[in-house]
Protein chains: 2
Amino acid sequence: MKSIQAINYPVHFQNKAYKEISHLLLKKDYSTIFILVDENTFEHCYPKFISNLVTDKKIEVIEIESGEIHKNIETCISVWNAITELGGDRKSVLITLGGGVITDLGGFVASCFKRGIDFVNIPTTLLSMVDASVGGKTGVDLGVLKNQIGLFANPQMVIVDDTYLETVSKREIKSGMAEIIKYGVTYDSKLFNEIKDNKGLNIKDLIFRSIEIKNEVVLQDPKEKSLRKILNFGHTIGHAIESFYLESEDKENLTHGEAIAIGMVCESYISNKLLNFPKDKLKEIKDVILSIYNKINLLKEDFSKIIELLKHDKKNVNGQVNFVLLNDYENHKLDCKVSEELIVESMEFYNS
Amino acid sequence: MKSIQAINYPVHFQNKAYKEISHLLLKKDYSTIFILVDENTFEHCYPKFISNLVTDKKIEVIEIESGEIHKNIETCISVWNAITELGGDRKSVLITLGGGVITDLGGFVASCFKRGIDFVNIPTTLLSMVDASVGGKTGVDLGVLKNQIGLFANPQMVIVDDTYLETVSKREIKSGMAEIIKYGVTYDSKLFNEIKDNKGLNIKDLIFRSIEIKNEVVLQDPKEKSLRKILNFGHTIGHAIESFYLESEDKENLTHGEAIAIGMVCESYISNKLLNFPKDKLKEIKDVILSIYNKINLLKEDFSKIIELLKHDKKNVNGQVNFVLLNDYENHKLDCKVSEELIVESMEFYNS
C-alpha cells in the first residue's frame, strides 16, 4: 500500500511502516524513545510493535489508563512527570500507540514538553486511524468539554497497520465507521453508497480512502478557516451529546462514533429544514446509521442540558453556535445559525 | 521611541503603544478581550492601561495570584476554566499585564485554548520587559523545574511602557538588571562597561537596547539551535539555584535575577578554567554583580542538590549538562561539558 504524504509528514501502511520508523529513529539519533500506551494497547499492540522495531536506543514505556475520562490535563501532568523522571530531554521522541485518547493527548504532551519534542502516532483503533492520523490536531478535554485545550502540531510520521484492529471490540470498530460515513456524505457520495449497499467492503480500503479524503481537505485548509469545517458535520450536536453522556452519572457513556452518528442524523434533519437537503437522503442517512448503531433514547428533559453544552463548541463566535450543514451530498454550507427550537426538533426526529 | 519589529510582531513603546493596541483591537474585531493580571498589576497597572485603551468590546479581567510558585499548570487550568465560563471563543484575545509569570503563563494559556487564540503581552517588570518581550517563549514550571512545559508562540504585539516600573520594588528592578548584564557580557561589551561605570544610565535606553539585542539574536536563531543559546549564559547554574531555593522550605526564594547573577559568576569562573576567559574580566563581572546584589551564602551541603537539579536543564541531551561559556566578552562557545567538581569549585568561588 503506498504511503500518503500529509502536510509535513508521511502516513505509512502495514509492514513497510516498521522499516520506515526504524529508519527514522536511526536517522534522528534520538536520546530516548518513549512509548505511550494504555493497559489495553500495552497488552495487545505493544508486543507486535516492539517485535517489528529495529533500534538500539533506550526505550521507556509510559502507561496511562484507557478511556476518554482520562483525556485531561491531569493525565498530561503525570506523563510529563514520568518523562522527566525517566530522563527525557529535547532529543527524546514520543511514540503514541493507541486510540484517539493516546494519540491526541500524546501529541499535546510531546508538543509542550521543553517547548516541543518529536512524536510519532500509531493509531490502533479504526476511529484514530481514519480521524486522528492526519490533520495535526492534538489536545485534551477540559472537564467534560472536548478538546478545549490543544494545539496544531504535526508528528514526524504516522503508522497505520490494520492488524491492530483485531485487538479492539466490535463497538470500537463501529465508532470509527461514523467518521467514514461522514467522509462519504460530505465529500464522497460513492463511498457513502458503498457503505449503504454494504457489498464487499474492505476495511483496508475504507481506511486508505478515509485518510486520503481527510488529507485532501486538510491540505486545502490546515487551520480550519473554511473547507475543513466540513469535517465537523455531525460533531456540533454530536460532541454535546457525547459530553452530556460523559458527565451524566446514571447513563452509560457513548462512544465518539455513537454520539456523532446521532449528531449526523440531527444535522441532516436541520439541513433538510434550512437548506432543503433532500428528504430521501435524510432517510438514507438515518437508515444507515440505525442499521449500524443501537437506537439511543434521548430524553426530553435532557435536551436543554445538551443545548447548554453546545454553547462551548470551539466553532462558536460571540456565543452564537455555528453549524456546518448540507445542501446535498458533497455540498455543504458553513456557519449556519440554527434556533434552539430546531435543535430540539432534530433530536425529536432522531428519537422518532 | 521607534518600534522594534520582532519575528512576526511589533514591540511598541510608551504612549504610541496604546494607539497601536486600540487599533489592533478594532481591526481584528475580537469577540471578547480578556485581561490577565495578578493582584499587584490589577491594583497598580490596570488603571493606567484601561484608561489608555480605546475599545467598545466586552472586557473581562482574570486575576491570578502573583509569584513564581503559581506559574504552573494548575493555574493554567483555572484560567482556562475562567475563560470558558466567561464565554471565551476562538475570536477572543488575551492581554497579559504583568511580570514574567503573567506573560509566560498567559502566552501558553492563549496558545492552547481551543488550539490557539491571539494574545498581546504587556510586561510590567524590568525582567519581563527586557527578557520576555521578544523571543516567543511561553510556558510554565513543572513542580520546581522551570519552564518545562511550554511552546514557541508569538503574540500579536508587545507593549513596553517603562512607567509601569514605578509600581515595582527595587528588588524587582534589580532582578531585571541581571539579564541586561548578560546581554552586555555575551553580546555588547560597551553596554556592560556602561553598567560597570554606572554613569548616566537611562532605564529607557537600557530597555530599548536590551530588546534590540535579544531581537537580533532571536531573529538569527528563533528555535535556539545555536546562537540563541548564548541567552542561557548564567542560566544553567542559575536556574538550578533558583529551583533549589524555590523548593527549599526554610530558605527565602531568590528572584530570577538574583539566581542568574550567581549563575553568571559561576559560569564566568568555569569559562576562565576551561576557555581561558580573562581573569580580570571574571573579577569585573563578580564585582559588578556583588555591587548590585546581596551576597548569598551557598551552603556546601546544598551543592549536590543544586547539581541534581542541573540535570533537568532543557539544554541537556543524553543526561549530559551543556553549558554556554565565554572565551571573552562577546565571544562564546556552545555545548561545553563541565565536570561536577568544577561546578562545585565555581560555587565556592562565588562564596569566596
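Reader: How many residues does helix H5 of chain A have, and how far does H5(A) reach?
Author: H5(A) covers residues 100–112, 13 residues, and reaches 18 Å from its first C-alpha to its last. That is close to the 18 Å expected at 1.5 Å a residue. The expected span is 1.5 Å times one less than the number of residues. Helices here are DSSP runs (H or I, at least four residues), numbered from the N terminus.

Reader: What sort of model is this, and how is the numbering done?
Author: The model is predicted: local features need pLDDT of at least 70, side-chain atom pairs count only at pLDDT 80 or more, and totals for chains, interfaces and linings use all residues. Residues are numbered from 1 along each chain as its sequence is written, chains are lettered from A and ligands numbered from 1 in the order in which they are written, and side-chain values use heavy atoms, with hydrogens and water left out.

Reader: Back to H5(A). How many of its residues are buried?
Author: 12 of the 13, so H5(A) is largely enclosed by the rest of the structure. Buried means under 20% relative accessible area (exposed is over 50%, partly exposed in between; 1.4 Å probe, protein chains only). Among the buried ones are Val101(A), Asp104(A), Phe108(A) and Cys112(A).

Reader: What follows H5(A)?
Author: Lys114(A), with a positive phi near 50°.

Reader: Which helix holds Gln14(A), and what is its phi?
Author: Gln14(A) is found in H1(A), residues 14–28. Its phi is near 50°, positive in a residue other than glycine. Gln14(A) has 16% relative accessibility, so it counts as buried.

Reader: What about Glu224(B) — where is it?
Author: In the loop between H9(B) (203–220) and H10(B) (235–247). Glu224(B) has a positive phi of about 60°, although it is not a glycine. At 6% relative accessibility, Glu224(B) counts as buried.

Reader: Switching to helix pairs. How are two packed helices described?
Author: By the angle between their axes and the distance between the axes. Axes are lines fitted to C-alpha atoms, for helices over the stretch in contact, and angles run from 0 to 180 degrees between N-to-C directions.

Reader: At what angle do H4(B) and H5(B) cross?
Author: Roughly 55°, and the axes of H4(B) (residues 73–85) and H5(B) (residues 100–112) come within 10 Å. That makes H4(B) oblique to H5(B). Under 35 degrees counts as roughly parallel, over 145 as roughly antiparallel, 65 to 115 as roughly perpendicular and the rest as oblique.

Reader: Which residues make the contact?
Author: From H4(B), they include Ile73(B), Val79(B) and Trp80(B); from H5(B), they include Leu105(B) and Phe108(B). Contact means heavy atoms within 4.5 Å. By class, the contact of H4(B) with H5(B) has 9 nonpolar, 1 polar and no charged residues. Ala, Val, Leu, Ile, Met, Phe, Trp, Tyr, Cys and Pro count as nonpolar, Asp, Glu, Lys and Arg as charged, and the others, Gly among them, as polar.

Reader: And at what angle do H10(B) and H11(B) cross?
Author: Roughly 140°, with the axes within 7 Å. H10(B) and H11(B) are therefore oblique to each other. Among the residues that meet are His235(B) and Ile241(B) in H10(B), and Ala259(B) and Cys266(B) in H11(B). This contact of H10(B) with H11(B) divides into 7 nonpolar, 6 polar and 2 charged residues.

Reader: Last one. Which residues does Ser128(B) touch?
Author: Gly98(B), Gly99(B), Gly100(B), Thr103(B), Pro123(B) and Ser133(B), not counting residues up to four places away in sequence. Ser128(B) is found in H6(B), residues 126–132. At 1% relative accessibility, Ser128(B) counts as buried.

Technical notes
Helix = DSSP H or I, 4+ residues; strand = E, 2+ residues; numbered from the N terminus.
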